Structures are given as C-alpha cells and as structure tokens.
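The following exercises, each with a worked solution, concern the chains of one model. Please consult the sequence and the structure while working through them.

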Amino acid sequence: MRITRCLTLWLLLCALMLALLGSAQAQQDDPGKPLLEALASASYAAKSDAIDAIVASGDSRSRAWLEALNDGKLQQNKQTGQFVVVLANRGRNWPVEDALSGEPLGEMSRRELDRIGINNALRGQLRSTLAVLDLYVDNPDARLQAANDLLGQVDAGMVAPLEAVRDQEPSEAVQERLTEALAIYRLEQGDAQAIETLSGSLHPEARAALNGAAASDDPALAAQAKKALDGIEQTLKINRGFETLYFGLSLGSVLVLAAIGLAITFGVMGVINMAHGELIMLGAYTSWGMQQLLPGQPGLAVILSIPAGFLVAGLAGVAIERCVIQFLKGRPLETLLATFGVSLILQQLVRTLVSPLNRTVITPEWMSGSLVINDALSLTLNRLYVLGFALLVFAALMLVMRRTRLGLEVRAVTQNRAMARSMGIRATRVDMLTFGLGAGVAGLAGVALAQLTNVGPNLGQSYIIDSFMVVVFGGVGNLWGTLVAGMSLGVINQVLEPWAGAVLAKIIVLVFIILFIQKRPRGLFPQKGRAAEG
Amino acid sequence: MSLLDALADRDRVFDFLVPASSPVDVRHGPILYLEDVNVSFDGFKAINNLNLTINDGELRCIIGPNGAGKTTMMDIITGKTRPDSGQVWFGSRHNLLTKNEPEIASLGIGRKFQKPTVFEALSVFDNLELAMAADKRVLPTLTARLSGEQRSRIDEVLETIGLESLCGRQAGILSHGQKQWLEIGMLLMQRPRLLLVDEPVAGMTEQEMERTAELLTSLAGKQSVVVVEHDMGFVRSIARQVTVLHQGSVLAEGTMDQVSNDPKVIEVYLGAEEEA
Amino acid sequence: MSLSSTPSSSSPLSHLWLTRPFSERSTRIFLAVLALALAVVTVLHLALPAGHPLHVSSYTVTLLGKYLCYALLAVAVDLVWGYLGILSLGHGAFFALGGYAMGMYLMRQIGDRGVYGDPVLPDFMVFLNWDSLPWFWHGFDMAWFAFLMVMLAPGLLALLFGFLAFRSRVTGVYLSIITQALTFALMLAFFRNEMGFGGNNGLTDFRELLGFDLRSDATRLGLFLASGVALALGYVVCRGIVGSKLGRVCIASRDAEARVRFLGYRVERVQLCVFVVSAMLAGVAGSLYVPQVGIINPSEFSPLFSIEVVVWVALGGRGTLYGAVIGAILVNYAKTVFTGVMPDAWLFALGGLFVVVTVLLPKGIAGLMTRRRKADSDTQLKEATP
C-alpha cells in the first residue's frame, strides 16, 4: 500500500515536472501512455487487466511492449517516469529506447531504471496473449498468417481468448483456421468431435494430430481418426496430382517455347537448325544484358527484354539464313551440319565475350512468390507466368500463320515452292522472314528461360535435343502438334520423375519417343496426302 | 518344294502356303483385279469405288484428266499407298493389299514412274543390272556375280532401248527421253508379268514415240501392260482397250472409238481437249 | 567402270566381294600409303635415339594410334552416310560401346592390384559398396569373350535400333535426330552410377592387355600397329561392300529409295545389314582407342563427338572411304595443335570448319582431288582431239 501511494506521489510529481518542462506534450497525448501506466500498477490483477487492455487497443506497438514486458525489458525511469525498452541488459549502463516513440535514448544506468515486474501467472497470460495478438491487426492477410501459426500451438490458456477472437473475426478464412487450431487442441485432449472439423484439413499439423489420435488407446477415437486420415490422404493425392500436372505443364511450356520456333523453320523450310539452342541462349543473354543496363528495375528489364530478345535472336537468325542456309537449299543433312558449326561458334563467342560462367537473372517482385491454392498446393508464380507467356506466344504465332499475308505466303511456300514462286511470292524473302521469325521465337524462349534457370553458354545445348524430340513427336509442320507434344512430354517427364529419378525419367522419355517414331514416323499429327510424300 | 525346304528358307517360313515365287494364277482370266477401292487424303476422295479388271496379256490404256486418280491407282497396285477399303488381287491367288513394295515387285509387277527415276549416280549398265530379275536378298546380292547369260541379257536390252554406246556412262547425264528409255529397259530386265507404265512418252520426240509404241505393242500378249498417258495421239496408236478415269472411278471403258464417242467422256475430258 | 572391275578368277567364289578391292587401284594405293606410314613410324621410333630430331616419341606413337582409331570410325560413318545416305549422329555410341567392352576386360585384368585390392570387383564397385559383380560383367575376364563383345554389343544395338527404324522407314533428318537422341540417352544412362559402368569417371587405371604392360613402349607401338591393321581390314571390308552389287543397291537406295523397292529389293534389310557392319567397325575402333588413351567415360557418348565425326567425313569427302581417313587425321591433328597453342580458338575453328566444308566444299578434299584429276584428263582429251 505504501509503495503504491509513494508511486502515485512520484507519478504526480513527475507529471508536474514534465508538464513544466513542456516536453511531455506528445507523450501525454499518446494513447499508449495510459496503457503502459496501467501496466506499471502494483497489483498483478491490475497488470493482467492492463495486458488485456493493450491487446484490445489494437495498437501497433502492442507486440513490442508485451514482448519487452515478457522479457523483463520494459522499464520505467525512476525519475522521469518515462517508459523505456532496454535493448541490451549487460554491464552497468544499458542502451534504451523510448517505449512510446521508439526513439533511441542513449544509455541509462541500471540504477535509474525500474523494471515492470511480472509473475508466473502473468507470464502464462503473456505467452498466450502474444500468440493471439496478431489476430487483432487490421490486415486480414496478416491475421490469416497469425491463425496459421497457431495451428498445433494452442494450449489450455489460449482456448478462451481464441474462441472470443474467433467469434468476432470478420474473415471467414481466418475463422476456419482458428476453428481448426482449436480442434487440433481438442483432439489432443481426446475430443472425438474435433475429428470432424479436421477431416477436411490438409495442414500437416492437423494430420499430425489425427495421426496421434489414430495411435491412441481409445479404439473408437482411433478408428474415427483413421477414417478421417484416409479421406485426407485421398485429397492429398489429388492435390499432388495437380502439382505434378502443374510442374509438367510448366516444363511442357518451356519445351513448347523452345520447340515452336524450330517447328516453324523445320516444318516450313525443311531446315534442321542445330543452332536453335544457341538462339535461345542469345535471348536469355539479352534478358541478362537488359538487367545490367537497368540496374534496380528488374520488372522493367523483363518487359523490355521480350521485344529485345525477339529482335536480337531474330536478327541473328536472319544473318544465319543469309550467310549459310540459303546456300544449302535442298540439302537438309548439310544444313544440319552447317548450323551445328554455327552453334559452336555462337557458344564460344559468348564464352569469350561475356564469360564461361553462369549468370543469374533477377526475378522481379511481381513474378516471385507463389499462388497458394490450399495447404498442400501452391503454384510458383514465375512458372505460372512462363506458362501463360508460352500460350500467348503460341496464340500469337497461330495468328501470324493463319491471318497475315506472311503466314499465307509461308504456307504456300511450304506446300508447293515452285508453284508459290510462279505466283509471284518471293520464296527467298519468305525463307528469310520465316527463319527470322523462328529464331525470334527462340529468343523469346530464352527470355522466359532466364526467369527459371541460370544463364550460361551451355543453356541452349541442354534444350536442343528435347526441342527436336517435341517437334518430331508432334509432327513436322504442325503447330498444334508441337503444343500437344511439348505439354504431354513435360507431363510424362514429371509423372515419371518421382519413381524413376530425373535422369532415368529423361532416358525413358527419349526411348519412348524413339519407339514412338517407329510406330508413327510422321509424328502425332502428320501431314497427309500427296504433298507429304515428297 | 518340300516342307523342310520351305522351313530352311527363312523368307518363306511364314507364308509358305503361298510361296512368293508361286506362279500367278490366271486361269480365271484377269491378271489384275480391283474391286470397290477407296482412298482419301485429308477428306479428299482420290479413288472412289474403283473397279478395274486387266486380262492376262492385255494392253490397256488409262486416260483421264488431271486428278482423276491415275497415279494413286498405280500407287495402290504397287503397294505404296494403302487403300481405305476394297480389294486388289494379282491373278486369283495373291492379295496385293497384304504385301509391301518389294514383295509385289518380286511377284512380277514392274512400274515405270511418271517422272523418270533412274539411279543417276550409277552407270546405265549398273541400272539395268540392278533391275535384273535375280535373287535380291542381301547376302546373295553381296556375293552376286554376273553370269554370261545375264550379261548377254543386259546387252540385249541395251540394244532394244538404243543405249549401247552409253552403257558405261552415268545415268545422270542422259537426256530426258533417254532416261525414259532406260527406265523402260529396267522394266524389261525385271521380266514382269504386268507392266505399269506411267506417261512413257513425255519428253520424247515423234520418232522415239513411235519406237515406244512399237515396243509396248510387241510386249502385249506375252506380258500384260497398263499404260497411263496424256498424249491422245500416242494412245490412239497403241490402244485396243481404253479406260477413262474421272474423279477416282471408271467413267467409261471400250475401244478408243467407243470411248471418244461417249458423250460423258467428251464432256469431262475429250471435249475439253478438242476445244483446246 | 563396274564393267572393268572383273575379278581375278583364282579367288574362291564366296570371298569374291572381299578380294575384289585388292584389284582396285585406289585400294592398292591406300593400303600402300598406310603400310608405308606404319613402317616409317615404327622405324623412326625404334631405330633413332630419343634425342634425334626425327625420333618419334612413344607419346606421338600413341597419338597417331588414336588418329588411326578415329579414321576407322570415320570409315564406318562414311559407309552409311556416303553410300547409304543415312546420316548417323550416333556412331559415337557404337564406338563407346566397343570401348566399354574393352574397358571392362581391362578392368578385370587389374585383378587385386587396384587401390582397394579386391581380387574380383573393380575399384569403383568396392567404393560403391557393391558385394558382387553385376551379371553383365561376367565373362569379361576372358579375352575372347571381351573381344567378341567389342563387335557384338554395338552390333546388337545397331541391329535392334536399325530394325525398328528402317522397318518403319524413318529416314533423312528424322533418322539423324533419332540417332542423336539414342546416343544422348545412352550418355545419360552411363553417367548413372547404378548402371555399373563407373558412372562419371568411367573405367580407368588399366594395367595390362593380354599380359602386356600398357605403359611399356613396346605395347604402345603394338597397339598403334594393331590400329593400322584394323583400319586396313575395315577399309577393305567397306570397299568390298561398296564395290559389290550390294554397294550399287546402297547407292541406288541413297538416291531413290522408293524406286529400289519397286525393283524388288528389301531396302530396309540392306540398310540394316550395312548399318550393323558399320556399327561393328565403330566398336572395333573404340576398343583399340581405349587402351591407348587409358580411359573410357560417358563423354564418348556425347552428341558433340558423334557429330564431329561426321564433319571429319564431310571434310575428307563423303562416299570415298579414303576421304574419311584423310578428314579424320587432318581434323584431329588440327585439334591437337589448336588445343595446345590456343584452346579457346578450337571451337571457333571447328565451327567454322562445319560451315566452310558444307557450303564451299560439298565434296570435301577427295572431291578437290578428283576434280583436279578430271580437269587434267579433260584437257588431255581436248589436246588429243584438236
């Protein structure tokens, strides 16, 4: 009692002094001040109420205060009554900061400070309070995150406040999570009814709790838990299936991007372009170069490198066509060798001019992270973007081939070169543009690949054989075939990988295609009729 | 041939019931018999319910406007194209639809292509040697050696086609007409029962055409010949029986006079020809 | 030309195709040049002291032996590419398989002298904690079996692959791509430790072959001479094939495959047989290569190596056989020089070679030589007939 009275007197005096000094103007207006003052009250019951009051206030500093209180670092200046947070309590003089404003106040002697004491009961209260504290913030995403963190962490003391919070919670998702968290606790206590709540959950904590229950001595509980687990396992399988499908489509989209340019040059000109992989590599290096030009703006760089990559690779393609391929008309095997030579030169060129080492392209913020579908399934954003990009490029190419003059001429030249020429189509120009287009698309593939892997001189090599497989599998000269083949090869690869391993999966896919070609030498979607016989 | 022999000969193990070399059975008349044959490419009906019968020893000309299905019909007979439905028989024993090109060729059907296809990197002599009827399996071919009889057979054909002086030269240097002749020579070397000749006189001079006509008519009787040709004068000079194809099926059949007086034929083909 | 190649009547009929090459002028010249080269190297190596400027060191002998193996591989590629029109981008696989068969024999020869001293298991198996030999390693302690497998393993692969591919008429660029996929798949497979072929590191640390120490100069010279003899034999076999009627069927099906079918030849069987023979020759080349370089690892399966072989043939002139030998030796000599002097420039040079040869020299060096000869004879002809 005496201490209280003394303190009150102290406080009054302090307040008077501060008021006189006029410097406490800000502090007095701060709504946090009365909260902290209540904490400093002598009675533990009052302190307990004060903690609840802080939580209820929703003040953004609440967590810092309560954590400091829990650690014994929330202290009061004996003279000024100022609340401070001790940053490090070692030695005689402690560095402190103002608890209300967060300003550093330099060092204070430990003698000047008075610790706001807590007892065990308060410690328990603080622990559970801190756990639910984040559920009071305004941002619903942060609340959901907090609720997620609570799964499996609920103890007896938290049940009551959590239930209270849940009933007031506006967001349904958060509410569900809290219900789950509570159900896990109840299940751990042997409550069979909680199983029903958990049977729909995919969270590992829920499964852990159910597993615990399934191993319990109570046969009824165990059986029920087992049943719920089976259901969850089923759902998980489906989710894993979706995940595999997603990764497969993602790999497939890369294959489609890499192969579709090849499909154009191969299908239209009958030209095997072994340098196609290196054109992809050029696109990837363009993406990297663009980021070097625009440091600190990875997003803009990625956007700009799309047209830039197309142009760089496309021009390189036109150069290859003019310098090499046009002299090898009608000699596909020689073209294959010559373009292989070009690919060696391009690789060595990059090694000499840039570096033989791999480079990393920074992923812009809006492309990183992942899209969370549920506890078992989340889709990485960069792969999603690449998938979308691949489909976009495919659609654009379809449009070019079907709806533009160039596309018409290209199709005419593909079907009957001599006829097309006699009708006034400049076949050599069409060749050049087609090759440029195919090369440009390879550049786009490179830009996309740069977002997924490191950029290095050997980047193209690792994709060239796969790309050929896609084109051959899909049927030469058929863009739809390339799309279907690329996507299905990607998915097949991902499906095989878990039980065969990455390398073996790849071997199996290669052998599969080798065998497939025996059955259908012209691919999935062959060109039919007399034109295809020639 | 005993069963043991048949089993020892690997090529004949599976089809020894109908040995590949078994004679063509023409007791019922026709050497080639096509019934209700249909082929379509991407929805386009190239051959539409085609029925055709060629008798043993006959010389038949087949005419028809472009796209009538003449070449496709040849492809079907020689095993290059598989029909969607229908039947193709060589004699009354060999179902051609179950055989591939080399098998059909060794049964005795020879073909001359529309575009002359000779082996340009090889000499004229070699071209004829390869075409010669012989054991055409791999090892016998590797160890093959020309007998005197075979050599004189080649010389004989060289004389027939008038290329004796060029026999050591590469076939690639021949003129278009000479290539046509060489290809006919290759056909003769095969000693086929049935010759399919696609546009034999394209690119030939008047004189060469006459000789070709002579040659083809002399073959008829011993061998059956089917000639596909655009040149009406040539057809008139050799034809006894003419079949007109139109849109993949037979439009008319008969002698040249009958056919050229048929109003349907005049409408689709001859009419256009005479107007032009 | 084929008319004039009437063989000597003394040779037995069944071997006619094999003895015919000896009556050809080009084969005689080739064999004479090869024999002379082998003799000169042997004499310079044995007769001259080490300090002499013309002395051929043991290192050079092995290097030349390596070139001869490459030359045999090139001849095998030329047989299928030049005469059959099949551009195989997977012949490195057959070469490597032959090499692995030999490597397995050499590994078993090490016996208990390995690092771990296991009498049966090669070091890498001990390292991987395997307790017994995988089934496919059995028999490789016997030389005859291993030497048989040198031809059989590539031959069987070629038979299986060729049977599937030629039956369904996969030709042209499709076939090239598929052969490339084949060697790529094999490379990935051999990189795996579980395959039982030493994974990444391959097979190495060989000691002796048929009881001869691989490190001794005499053995190295012997291997060099053996490579030369293998090249000569391979050349004669190939010449025998291409000079026979079968060879003419090959050329005919290279230029007009469909036409050959209509003549009654089973083109796919011709292709299959020649392909298998070619694969076996490649296997022999690989088996002689491995003891000379002392290691075989999966990089021999790399698509780059296989396609490099093709450019040797293209440079020398496809469809001549001797051109392939010239090309292989020239390119590999250039590679040795380049990688010694300026390693960075080698890929530029090789890449440039691919382009230059295909665009400017479609018939290769052999083509240049025959063109010159033809020009000579043409001028002679003109002079003779004024």
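**Exercise 1.** Determine how many salt bridges the rule finds across the interface of chain C and chain A, and describe the contacts there.

*Solution.* Step 1: the rule (a side-chain nitrogen of Lys or Arg within 4 Å of a carboxyl oxygen of Asp or Glu) finds 1 salt bridge. Glu334(A) pairs in this way with Arg318(C), with 3.7 Å between the closest N and O atoms. The model is predicted: local features need pLDDT of at least 70, side-chain atom pairs count only at pLDDT 80 or more, and totals for chains, interfaces and linings use all residues. Side-chain values use heavy atoms, without hydrogens and water.

Step 2: by contact (heavy atoms within 4.5 Å), 40 residues of chain C meet 38 residues of chain A.

Step 3: the buried area, which is the accessible area (1.4 Å probe) lost on putting two parts together, summed over both, is about 3,600 Å². Carbon and sulfur atoms give 81% of that area. In chain C, Tyr174(C), Ile177(C) and Phe348(C) lose the most area to chain A, together 18% of what that side buries.

**Exercise 2.** State the order in which the strands of the open sheet in chain B are arranged.

*Solution.* Step 1: strands are DSSP runs (E, at least two residues), numbered from the N terminus, and two strands pair if DSSP finds at least two bridges between them. The order is β2-β1-β4-β5 (chain B), with antiparallel pairing.

Step 2: β2 (44–55) and β5 (94–95) of chain B are the edge strands, each pairing on one side only.

Step 3: β4 (residues 85–90) of chain B joins β5(B) over 2 bridges; Trp89(B) has Asn95(B) in β5(B) as its bridge partner.

Notes. Residues are numbered from 1 along each chain as its sequence is written. Chains are lettered from A and ligands numbered from 1 in the order in which they are written. Helices (H or I, at least four residues) and strands (E, at least two) are DSSP runs, numbered from the N terminus.
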